[in-house]
Each structure stands twice: as C-alpha cells, then as structure tokens.
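Subject: Structure handover, with notes

Dear colleague,

I am passing on the structure below, together with notes on what turned up in it.

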Amino acid sequence: MLPRWELSFYLLASLGFHLYSFYEVYKASREHEEELDRQFALEIGTLFGGLKKDPTDFEWSFWMEWGKQRLLRFLFGHVVVSQLANVLARKHRPWILGAYGIWASWCVLGAHGTAIIFLHTLISFCVAQFRSLVLTWLCSLLLLSTLRLQDVEEVKRGWYQTENEYYLLQFTLTVRCLYYTSFSLELCWQEVPCGSSFYSFPWLVAYVFYYPVFHNGPILSFPEFIAKMQQQEYCSLKSNLSAFAVGLGRLLCYWWLAELMVHLMYMHAIYSSASLLRAVSCWTLGGLALAHVLFFYLKYLVLFGVPALLMRLDGLTPPPLPRCVSTMFSFTGMWRYFDVGLHDFLIRSSSSPHKPAVGFTPPLRLVPPPCSSCPTWCFLGAAKWEKSTGTGSSYKDGHM
C-alpha cells in the first residue's frame with residue numbers, strides 16, 4: 001500500500017492532467033466553432049446560456065430524442081402498472097408486466113415491429129425444445145443475421161415514416177436476441193426431463209417483453225429474472241422512495257454532466273474532421289481521447305441507470321453500473337466492469353458453473369459443453385457489429 005501523501009499526489013496530478021487536457025479541447029472547440037458549425041450543423045442548446053451543442057454522437061442524440069418523445073412516458077407507465085400489480089395482484093405480476101411490455105412495444109414500434117420480435121421469440125423457443133446447443137446458437141445467429149439482409153431491411157423501413165423508428169427496431173431486435181438466447185441456453189443445460197414450469201413460453205414472453213430493459217438493456221439473465229419475479233414478499237413504493245429519489249438525483253447529475261461536455265467540448269465533431277485533427281496540439285489530441293471515453297462512461301451511466309432504477313423498484317437486482325474508465329488501467333478491466341450484464345452473460349454461456357434460480361428443483365450440469373464457447377464469441381461479434389456498424393454508421397453515412 002502506497003503512503004497517503006503519494007496517493008494524494010497521484011490523485012492531484014491525474015486531476016490536473018484531466019482539467020488541462022479538457023481546457024485544451026475547450027479552446028480548440030471555441031477557436032474552430034464556426035468551421036465545425038458549417039460542417040456539422042451544431043445545435044443551439046437551451047441549458048447553458050445559448051451555448052451550441054455537438055449533436056454528432058449518434059447514440060446520445062438518438063436516445064435523448066426518443067426519451068423526450070415516447071420512452072420516458074412508457075417507462076413511467078411501467079412504474080405505475082408494476083406498483084399497482086404489486087398491491088392488487090402480486091401473484092400475477094410477471095404476466096401483467098409482460099402484457100404491458102407488449103402493449104408499449106406495439107405503441108412505440110407498431111404492430112409489425114412487435115410481431116417480428118414475437119416471431120423471433122417463438123422461433124427461438126421452438127428450436128430450444130431440441131435441447132441442442134449447436135441448434136440454439138445457429139438459430140440465434142441466423143435470426144441476428146436477418147437484420148442485415150437488404151430485402152428484409154427494405155421491408156422494415158417501409159413500416160415506418162422515419163429512419164429513427166427503423167433504427168429503434170434494429171436496436172431492440174439485437175438486444176432481444178441476447179434475451180431469448182439466454183432462455184434457450186438455460187433450457188439446453190437442464191437435464192431431461194425438465195419439470196420446471198418456468199421454462200415455458202409465457203415465462204419467455206414475460207422475460208423478453210420486460211419493458212425497462214426492452215430497447216437497450218442492460219442484460220439480465222433468465223435465472224436472475226425468474227428468481228426475483230417469483231418472490232412473493234411485498235415491498236411497497238414508500239419503502240423504496242428514498243432510494244429512488246437518491247438514484248434519480250444521481251441520474252440527473254450524470255445527464256447534466258454529459259450535456260455539459262457536449263456543449264463545452266465539440267469532441268465528436270473535431271474527431272470527425274481530419275483537417276482539425278492534424279492542426280490541433282498533442283494536448284488537445286490527448287484531451288479528445290480522454291473526453292471521448294469519459295463521455296462514453298457518462299452516457300452509459302444514464303442509458304443503463306434509468307432501467308436499473310426501475311428494476312430496483314420491481315425488486316430485481318440490475319447489473320452494476322459501469323465503472324469510471326479513469327480508474328482502470330487495462331482493457332480487461334473495461335471489458336469486465338463496463339457492461340457487467342453482457343460480461344456475465346458471456347461467462348455464463350461459455351465456461352462458468354450454472355446454479356439454479358430459486359425454486360428450480362432439477363439439477364443442472366455444472367459446466368456447459370465446450371462447444372458452447374466458440375458460438376458465444378461469434379455471436380458477440382455479430383451482435384456488436386449489428387448494433388454499432390449496422391445502425392450508427394448507417395445513420396452517419398446518410399445524414400452527415
């Protein structure tokens with residue numbers, strides 16, 4: 001353990017490097033504001049005295065726009081329905097929340113979008129009945145690959161009036177694929193015969209259409225979902241009000257800091273301009289890299305923090321929120337502690353012991369067969385490529 005004075009010195013030095021590099025990015029943003037405005041159409045913000053805002057981060061602009069339009073209203077509706085079901089019909093709460101998720105999906109994605117999610121879920125469930133890991137992975141990969149078929153893309157685009165509606169469907173289908181894959185793998189690992197009623201299609205629908213995590217995650221495994229949903233202990237909203245208020249206050253702070261960054265530092269716009277990257281100083285380049293990763297961290301504190309807050313109100317245990325990237329020194333730590341739900345899903349589906357959820361009586365194989373590991377990484381690559389390259393870059397190519 002280092003002496004306290006030395007730790008304090010390193011902390012102050014790190015803070016100084018952060019602030020000075022951010023100041024260099026701020027200066028570059030102000031000096032080249034007119035050029036960036038002509039090239040990227042900076043937006044006039046309303047939060048910080050009319051400062052212009054960098055709108056070129058696709059994910060942040062996309063989810064903030066959808067949040068203001070519809071998603072926050074339906075998330076609030078989920079809270080109301082969940083608390084009413086908690087008081088009036090707790091035994092049937094999973095089905096009530098599943099029905100609400102289907103209705104919310106219908107309102108946001110339309111009948112066609114909801115139908116295709118339901119169809120993918122049904123196909124995955126039918127294939128899982130063969131209890132074959134190979135067939136399960138092939139099914140998930142094939143369903144995921146349909147998102148990039150040009151003819152299918154054109155059909156789905158015809159369902160909507162705007163590209164953002166189409167991209168929301170693509171995001172949702174990608175994340176839902178992880179959910180029904182989790183269910184199918186758990187069913188494959190069950191010994192035959194499986195006497196548990198939880199591996200049924202109604203439970204799969206309740207799991208897939210659970211609305212707080214419906215569009216963008218985070219990932220919650222099927223056993224964790226079942227273990228909490230079947231608990232009958234009553235927990236009132238009043239008892240959680242203090243924790244909810246604290247969590248909401250933190251979320252607002254994270255959102256405010258993220259908005260402050262895109263108002264003061266046009267980091268994404270500068271990064272997209274090759275001429276400016278060649279012109280700025282080394283300190284500015286370092287500040288750009290640091291600002292990018294810290295903004296990414298703040299962005300997912302908000303995007304994962306909202307559903308995590310609602311999950312806690314429902315009695316579920318969400319994956320831990322991302323750890324600050326400035327406290328990590330390796331990409332191993334980034335992988336392990338940033339998207340914890342996805343990391344746990346990959347570990348569980350490749351090599352970790354499998355423990356039954358509460359109430360599961362049939363024994364489980366402790367270690368899944370080795371053939372599950374290779375499809376796991378193939379699936380991860382396909383899912384990540386679909387969610388990023390298939391949406392964000394397409395948006396930028398068509399709109400920038």
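Residues 129-147 have their end C-alpha atoms 24 Å apart, and the span is 68% helix and 0% strand, where helices (H or I, at least four residues) and strands (E, at least two) are DSSP runs numbered from the N terminus. This is a predicted model, in which local features need pLDDT of at least 70 and side-chain atom pairs count only at pLDDT 80 or more, while totals for chains, interfaces and linings use all residues. Residues are numbered from 1 along each chain as its sequence is written, and side-chain values use heavy atoms, with hydrogens and water left out.

The span comes from an unreviewed UniProt entry, which lists residues 101-123, 129-147, 167-185, 197-214, 235-257 and 277-302 under "transmembrane region"; the positions are given in the numbering used here, feature names are shortened, and such annotations may be inferred rather than shown by experiment. Over residues 101-123, the chain is 100% helix and 0% strand, with 19 Å between the end C-alpha atoms.

Turning to charges, the count comes to nine salt bridges, each being a side-chain nitrogen of Lys or Arg within 4 Å of a carboxyl oxygen of Asp or Glu. One of them joins K299 to E59 at 3.3 Å, N to O, and this pair links distant parts of the chain, with K299 in helix α13 and E59 in helix α3, 240 residues apart. Salt bridges that share partners bring D57, E59 and K299 into one network, in which the side chains of D57 and K299 also meet at 3.3 Å, N to O. K299 is buried at 3% relative accessibility, as is D57 at 11%, where buried means under 20% relative accessible area, exposed over 50% and partly exposed in between (1.4 Å probe, protein chains only).

A further salt bridge is found between K27 and E24, whose closest N and O atoms are 3.6 Å apart; both residues lie in helix α1, three residues apart, about one turn of the helix. K27 is partly exposed, with a relative accessible area of 31%, whereas E24 is buried at 9%.

For the aromatic residues, a search of the whole structure finds 34 pairs, counting rings of Phe, Tyr and Trp (its six-membered ring) whose centres lie within 6.5 Å, with planes under 30 degrees apart taken as stacked, over 60 as edge-to-face and the rest as tilted. The rings of Y300 and F304 have centres 5.1 Å apart and planes at 70°, so this pair is edge-to-face. Both residues lie in helix α13 (residues 282-313), four residues apart, and both are buried, Y300 with a relative accessible area of 8% and F304 at 6%. One aromatic cluster includes F118, F125, Y179 and F183.

R176 lies over the face of Y179, at 4.0 Å from the ring centre, and the charged end of R323 sits over the ring of Y337, 3.9 Å from its centre; the criterion is NZ of Lys or CZ of Arg within 6 Å of the ring centre and within 35 degrees of the ring normal.

Finally, helix α15 (residues 340-350) is mostly covered, nine of its eleven residues being buried, among them H343, F345 and R348.

Best regards
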